[in-house]
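Here is the note on the model you sent. The points are numbered so that each can be checked against the coordinates.

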Amino acid sequence: DAMLAAMDAPIDLSRLVWRIARGLDLVPSAMRLAGLEAARGGLASLPDRDERLALAIGRINADEATGSDRYDWCIIDCPPTIGLLTFNALRAASEVLIPVETSFFSLKGAGKQVGTIRTLARRLGGSTPHRLLATMHDPDSPLARKLLNDLDDRFADHLVPVVIRHDIKLREATSLGRLIVEHAPTATGAEDYGKLASWLMDNPPGRHAVAAALAAEDDEPADATPPSHSPV
C-alpha cells in the first residue's frame, strides 16, 4: 500500500507500522506484495518503480510534527529472488548485509551473491557497499572452521568480524514470534546478535567509502544470475 500510494496521499501509519518491542517497530508485508512485480501489479508501470520503497520509507520515517526522523535504523528483509523488489531495496539501502552459512555450498555461492549485488547496483547507477556475515556456524566442526577461514581469506575486507553461531534457541524464538533477547537472553544466539548490533553501531553503513573500496577490488565481470537463495 505504501509503495503504490501517490505522493500526495496520506499514509495511515497506525495501520502500517506495528510496535513489536520497546524501541522496535515492524512494517510487515502481506501476500499481495508477491504480486506487486507482476505486469498488473501496479509497480512496474510507475515511472519511479525502482524508488518506491525508498520514498515509502522516507515518508514513514519523517516526523512532520517535529521535522526530525522517527528512526535511527531501518532494516529491509529482502525476498529470495532478484526482481523489482530487490532493485527497490538496493535503491533504498545504504549497505547490503549478506548472510553466509559456513557450509560448502553456501561458500561457493557467496561469490555469485556478491557479484549479483554489484551488478544490480551498477545497473541502478550506483555502488551499494556490501558486507558478508557468517551465520549458522558450528565452531566444533573442523569443516566449518576451515570454511570460515576460507571466507575470511576471500572476502577479508568485506567480512563482518562477528560470527553467528548455530543455536537452536534462535529457531525456537522464530517459531514463537519472539525476539531472541526476550526468549533466551543468555543464549549464544542472543550474545552473537548483540555483538553484531554493537559492531554495526560502531561501524554504521554508508556510501562514502564505496569508491575506494570498489577501486581496490579486482575488476572482474560480475555474473548477474540470481543465486539459489536470498542475497540480502
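1. Which residue stands opposite L132 in β7? L132 stands opposite L159. The model is a predicted one: local features need pLDDT of at least 70 and side-chain atom pairs count only at pLDDT 80 or more, while totals for chains, interfaces and linings use all residues. Residues are numbered from 1 along each chain as its sequence is written, and side-chain values use heavy atoms, leaving out hydrogens and water.

2. Strand β6 (residues 130-137) and strand β7 (residues 159-165) run parallel and are joined by three bridges. Between them the chain passes through helix α5 (residues 142-155), in a β-α-β crossover that is right-handed. Strand pairing requires at least two bridges found by DSSP between the two strands. Helices (H or I, at least four residues) and strands (E, at least two) are DSSP runs, numbered from the N terminus. Right-handed means that, with the strands pointing away from the viewer, the path from the first strand over the helix to the second runs clockwise.

3. L132 also belongs to the largest nonpolar core, which has 18 residues; L132, L90, I98, V100, L151 and F155 touch the most other members. At least two residues of this core come from each of α3 (84-92), β5 (96-101), α4 (104-123), β6 and α5. The most, five residues, come from α4. A nonpolar core here is a set of buried Ala, Val, Leu, Ile, Met, Phe, Trp, Tyr and Cys residues joined through side-chain atoms within 4.5 Å. Buried means under 20% relative accessible area, exposed over 50%, and partly exposed in between (1.4 Å probe, protein chains only).

4. β1 and β2 run antiparallel, joined by three bridges. Their hairpin has two residues between the strands, and G23 takes a positive phi near 80 degrees there. W18 lies in β1, and its bridge partner in β2 is L26.

5. W18 and L26 are also part of a surface nonpolar patch, together with I20 and L24; the accessible area of the four is about 360 Å² together. Each of β1 (18-21) and β2 (24-26) supplies at least two of the patch residues. W18 counts as partly exposed because its relative accessibility is 47%. Nonpolar patches take Val, Leu, Ile, Met, Phe, Trp and Tyr residues with over 30% relative accessible area and no salt bridge, with side chains joined within 5 Å. Accessible areas come from the Shrake-Rupley method with a 1.4 Å probe.

6. How many salt bridges does a search of the whole structure find? The search finds 11, a salt bridge being a side-chain nitrogen of Lys or Arg within 4 Å of a carboxyl oxygen of Asp or Glu. One of them joins the side chains of R32 and D1 at 2.5 Å, N to O. R32 is in the loop between β2 and α2 (52-61), and D1 is in the segment before α1 (13-16), 31 residues apart. R32 is exposed at 59%, whereas D1 is partly exposed at 45%.

7. The side chains of D25 and R19 meet in another salt bridge, at 2.2 Å, N to O. D25 is partly exposed at 22% relative accessibility, and R19 is exposed at 59%.

8. D192 forms a salt bridge with R165, with the closest N and O atoms 2.8 Å apart. D192 sits in helix α8 (residues 188-202) and R165 in strand β7, 27 residues apart. D192 is buried, at 2%, while R165 is partly exposed at 26%.

How values were computed. Patch = residues over 30% accessible without salt bridge, like charges linked within 9 Å, V, L, I, M, F, W, Y side chains within 5 Å.
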